[in-house]
Amino acid sequence: MQVRRVVISGMGSISPFGRGVETLVESLFDMKSAVVNVPALNDLGGLRPRVAALVPYIDPKEIPRKFRRSMSPMSVFATLACQEALGQSSPPVEYFTNGRMGIIIGSTVGSPIVTEEFFRGFLASHSTEGMRATTFFQIMNHSCASNVAQTLGINGRILAPSSACSTSCQAIGYGFEMIAFGKQDMMLCGGADEFHPLSSAIFDIMSAASVAYNDAPHLTPRPFDLNRDGVVCSEGSGIVLLESLDSAKMRGAPILAEIVGYATRTDTSNIADPNSDSMEACIRDALQDAGINADRIDYVNAHATGTIQGDIAEAAALNRVFGDNVPVSSLKGHLGHTMAACGALETIASIAMIGKGAIVPTLNLETIDPLCANIRHVRSVEHLSVQTLVKNNFALGGVNTSIVIRRYEHD
Amino acid sequence: MTDQEIMTLIDTTLVNEFELNIDDMAAEASLKDDLGLDSLDRVDMVIVLEKAFGFKMGEEEAIKAIRTLGDIHAFVISKKQQMH
């Protein structure tokens, strides 16, 4: 089987910094924090975190009612991010309907906001009376993918991976493979999630949510920092348009970067605890898939969410693969943890770093944890020509993912 | 409620729910072809009208035969009369 080269020809972002890739990248380089105090979190008994990073208000009515009626906020985010990616890439209209453009967009769960609304009524009445026909379409796990497909009229393959923090990294990886193997020519890939207090609660219950900076939200999360205390939940959507290199060149599409390797592995040592051996194996698999040695990597965009265990495990894995010379940074300090969107948003930001020839440092990394000091941290904006980078995401449930991305050298 | 008040309440309820233009709410308007309401919308239409008028109508056979806005007007007016 002939394997085709796969490039990124469009990117779209809805992030806690607002709409658009440009806003995302500028905010990251400006070292802004999107994390704020969220008063609504006071209303949930037992919950300790009071901080989150939320997408600024978007009027969903810019999406026609016919399509919006089956959308919760996460589908609105995904649809708008897809529109931005498609706007940048401008594929011909026939791609939408010839079965050769597909969609892989996942979320951690179906809409938690609509699920709560539904069960409020259902548990009070124990009746199906008054249930709306459109509720299911907002709650189903493939809501984002289906809503994007319906709204944009894209009729190729559709898939909705759900692996929490690894969701959109897996989406990109599987899209890469489908195009490489000739099954599709273009794939809109990424993830989306909407914030709900229970997202914070999940991490709080496991003692993995940040609670010590409720009065100074911009100081958390703190990836790799000695004084980190956990995850800050966030929301948004990141989408990349993958395309075969041949297709992109033929139609003169913008080529922003090339995907050259992907790996995903299951960590069976524990459903919750990160494991550096498994992370290392995943990274090495991705490098092998790309056919390159570790010494060819110029930058690693870490998953590093600011949890005690996760950051130490990732640093150990990175040290064993790359030593202590490859620049590493995490974007969670700026964005919080956008969950299913994080892999794609961080991929987008990493590609922007290739374009700018500069690396975004880790925000809130003031005192490096000695247990994370075995890698080279990016502490301030570094001007560096990045040819090839690794993007990691490691999820609860033991889902590890790594992507290898390379600068595309135009002919 | 007068028949006119019933018709007005139906029209405004549907305009608000389905973001329709009040000027399009003619009795002869087809729910599907003129107002763009599909099968999912018809389910939610019954729900919002039940809420607006305070009685059940979803299980009525007559609801399946409704094609136009005028059919809804007549159906609800008839139901209201039966209840008195």
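**Notebook: chains A and B**

I began with the size of chain B. A compact globule of 84 residues would have a radius of gyration near 12 Å, and chain B agrees, with 12 Å. I noted that this radius is taken over C-alpha atoms, and that the globule rule is 2.2 Å times the number of residues to the power 0.38. The C-alpha atoms of chain B fill a box of roughly 35 × 25 × 20 Å along the principal axes.

I wrote down the conventions next. The model is predicted, so local features need pLDDT of at least 70 and side-chain atom pairs count only at pLDDT 80 or more, while totals for chains, interfaces and linings use all residues. Residues are numbered from 1 along each chain as its sequence is written, and chains are lettered from A and ligands numbered from 1 in the order in which they are written.

I looked up the elements of chain B and found 3 helices and 0 strands. From the N terminus they run α-α-α. Helices (H or I, at least four residues) and strands (E, at least two) are DSSP runs, numbered from the N terminus.

I then looked at where chain A meets chain B. The contact takes 5 residues from chain A and 6 from chain B; two residues are in contact if their C-beta atoms, placed from the backbone, lie within 7 Å. The chain A side has 1 nonpolar, 2 polar and 2 charged residues. Ala, Val, Leu, Ile, Met, Phe, Trp, Tyr, Cys and Pro count as nonpolar, Asp, Glu, Lys and Arg as charged, and the others, Gly among them, as polar.

I turned to the domains of chain A: domain 1 covers 6-250 and domain 2 covers 260-405. These bounds come from an automatic or database domain assignment. Their C-alpha centres lie 20 Å apart. I found 64 residues of domain 1 in contact with 54 residues of domain 2. On the domain 1 side, H8(A) gives the most, with 9 residues. That side divides into 33 nonpolar, 24 polar and 7 charged residues.

Last, I checked a helix pair in chain A. The axes of H11 (residues 276-290) and H12 (residues 308-322) come within 8 Å and cross at roughly 45°. Axes are lines fitted to C-alpha atoms, for helices over the stretch in contact, and angles run from 0 to 180 degrees between N-to-C directions. H11(A) and H12(A) are therefore oblique to each other; under 35 degrees counts as roughly parallel, over 145 as roughly antiparallel, 65 to 115 as roughly perpendicular and the rest as oblique. Their contact includes Met279(A) of H11(A) and Ala313(A) of H12(A).
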